[in-house]
Every structure is written in structure tokens, then in C-alpha cells.
Amino acid sequence: MIHIKKFSYEPGEHEAETASSSYLMSLIAIIVGLPLPIVNLIATLIFYLGNRKSTYFVRWHCTQALLSQLSMLFINSFGFWWTISIIFTEETITSKYIAYIIAVIIFNLTEFIATIYTAIQTRKGIHVEWWFYGSLTNLICKSKS
Amino acid sequence: MKKTIIQGIITVLLFFGTWFALTQIDWVKVFKVQQVTDKTEQKLGELFWEVFKKTEKESQNPLVINSVDSIVTLICKTNKIDREKIKIHILKKDNINAFALPNGHLIVYSGLILNSDNQEELTGVICHEIAHIELNHVMKKLVKEIGLSVLISMTTGNGGGEVIKETAKMLSSSAFDRSLEKEADIKAVDYLTNARVNPEPFANFLYKLSDKEHEATKYLTWISTHPDSKERAEYIIEYSKGKLTEYKPILTNKTWNNLKEELKE
């Protein structure tokens, strides 16, 4: 699922720190914005926009963090509004709903662990590419040189 | 590029696969999620009815009972509703009110009958309440207002008598959500037209009482708890437009007059 790859150049100390922060950003936002799935996306997005003109390594990791948050947004929002409709409308708790919530928790947890791991590795200047998101980022984020 | 798309599809499939696999387990049973059963509803119906039975006087007059029964039976018959399900009770009270309790208990106050100018008005209100019963609004409201756990504890005898009394009072003196009220109104018009009863007097009844709203509203429970009577009257009229025009009274005029006379005493 997670591959350690060699980046096109050796990132500097400052780059590694900023890249690592992009993942930490989404982690902190998860704690703050747990009930509202949009908060962590906004946090990562702001960080992404702030570092758009940064070096390739930083941009690359900001993009990966943003993309992973984006897909979680869809999954989490659906679960969020489903829960709201159960609380406020005539919807009732079904096995289908509980199964969805469990699936959401599993995926969020996986993402959470992957994020922590990646944050630690990028801090050390190690380039980590995720399954799917890594190759997607490679398509979006190109080296300027 | 191709690799990314395939990986993306696999990721999406993985999520839905996980969800699908998890739905194979009956989580509702695993987590013992409480759900309303027929038994709960039956018991609640009895409990709430007991409250009213103890505090109010039920009319035992055969003419009154039979007349209202004729109306309810005809409505049920023409709308394919199980007559056994609706348990009608007429209470001697001046309030202009009618309401539904769980398990098909339908309570009509004599004040409502006395203040109806004609039988169509009364039939309209009865249809509205039957619609609440048929659409399962009563249990929905109870679950929403006081919660399932409290309801279930009531039926098992753990709920205090005071809670039951308060809840029964709430059911008799508060309306449902706007959307539920509208749904019941529209359904009531359907019931009325199926039974060949003119729905217009039902709308007029709302109009008439909404005008009185500023005066002494002491007895106008049914109207004061049902907001926007004018608006309701309008959409009832709108909805009943173009429906059949050949109407037939359920009770003879003589019976209707006798019914009112009997209740006045």
C-alpha cells in the first residue's frame, strides 16, 4: 500500500519539515473537525494553496495529502448526512447504516495511520508514495525543471 | 495513467466491497438496537388510554357511540382500512379536540361534535386523525419527542406514572410537524372523497375556527395546536378541487341533530 521511493532529488531539512506538516495539518484538523468532515479538507487545502509555489518535494506531498483528504470527504460527508437524517428525520438505524459507519471507521483509521507514518517519514526526508494517491499525485504534480 | 485509473477503481471497489461485506451481518441484532414492535405500541396505547379513561368521562350513550361508529366504519370500509384497528372513544369534555393515541385509539371530545356545524366537519377531523394513525405518525412523534428508551421502559413498567400522564397530555395537546400535518390533511381529503363526503366543510371548519383564534381559545385545543389553519384550509380546498362532486351524507340529518341533542345534555 505504501511505497518508499527515491525522489528525483534529495530534499533539504526545511523542505522535509514543511512536507511533513502538510500531513500533520490534516491530523490536527481531524481532531478539531471530527463532527464536520469538511474541516480537515479546508485545512489541507489552505496549506496546499500556501505552498503552491514551494519546492517540488513540498508541493508533491501537499498534493498527496490533499487528494487523500478529498476522497475521505465524500465518504465521510455521506456518513455525516446519513447520521443527521437518522437523528432529525424519520430514518431509522439499519444494519446497512451500521455497516457503512464501520467501513468508514476502517478507512479513516487506515488513512490516519498512513498519514502519521508518512508524516514521520517525510520529516526524515524519505519520499513516501501511497497506493493510488501516489501515482495520481505524479500525474498532477510535475517538476518545474 | 492506466495504472492510476485501475488503482482508483480498485480503491473505490474496496470501499464498497467492505461496506457490502459488512452489511451481511445483522448489526441491528448484534448491537441490540431498540426498535418499535407492535407489542410496544399496543402496550403504550393501553397505557395512555388508561390515563384518559381515569380522568375523563367516556360517553356511554348508544346513540352517540353508534353515530360516530357509523362514520368511522364507512370511512374505513371505503378506504380499505381495517375497522378493528381503530378504537374510537368519545369523551365528555367541552374542548374542541380530537387526537390519536398509539395502537389506533382515537379520542373525540364531545365539544368537537357540538361545535361542528354539520357532520362533514366532524367527519373531516376524524379522517385527519385516522390518517395520522394510518401513516404511523403517532409512534414517530413519540419516538422523536421522548425517545425510544423511555417508551420501552414505560411498557415494561419502569416508567413512572407521572411520565405516562405527561406524555398522554402531550399527545392530546400538541400538533405534529408541519409536514406530517399536511400529509394527514391530504390523506384526509382522499378518505373523504372515497367515502363520498364533501371535503369543503372540513376546510371551512379550519377557516371558521381560525377566525376565532383571537377570542377565547380556551376550548379550541384542536385548532390552537394545529398551526396555520388558514393555510391548511387553502391547500385542502386546492387539493380537493376537481375531485368528484356527488356527495352523500353518512348520517341522516335527524340522527345528526339527535346526536348533538344527546351530547348537550
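In this predicted model, 18 residues of chain B are in contact with 18 residues of chain A, two residues being in contact if their C-beta atoms, placed from the backbone, lie within 7 Å. On the chain B side, α1 (2-23) and α2 (27-30) are the elements that give two or more residues, and α1(B) gives the most, with 10 residues. Helices (H or I, at least four residues) are DSSP runs, numbered from the N terminus. By class, this side of chain B has nine nonpolar, six polar and three charged residues; Ala, Val, Leu, Ile, Met, Phe, Trp, Tyr, Cys and Pro count as nonpolar, Asp, Glu, Lys and Arg as charged, and the others, Gly among them, as polar.

Turning to the cores, the largest nonpolar core has 53 residues, of which Val108(B), Ile126(B) and Ile130(B) touch the most other members. Helix α6 (residues 119-134) of chain B gives the most to this core, with seven residues. A nonpolar core is a set of buried Ala, Val, Leu, Ile, Met, Phe, Trp, Tyr and Cys residues joined through C-beta atoms within 7 Å; buried means that 20 or more other C-beta atoms lie within 10 Å of a residue's own, exposed means 12 or fewer, and partly exposed is in between. A second, separate core of 19 residues includes Ala19(A) and Phe47(A).

Thr155(B) belongs to helix α8 (residues 148-155) of chain B, and is partly exposed because it has 18 C-beta neighbours inside 10 Å. Its C-alpha atom is separated by 6.3 Å from that of Leu44(B), 111 residues apart along the chain.

Residues are numbered from 1 along each chain as its sequence is written, and chains are lettered from A and ligands numbered from 1 in the order in which they are written. In this predicted model, local features need pLDDT of at least 70 and side-chain atom pairs count only at pLDDT 80 or more, while totals for chains, interfaces and linings use all residues.
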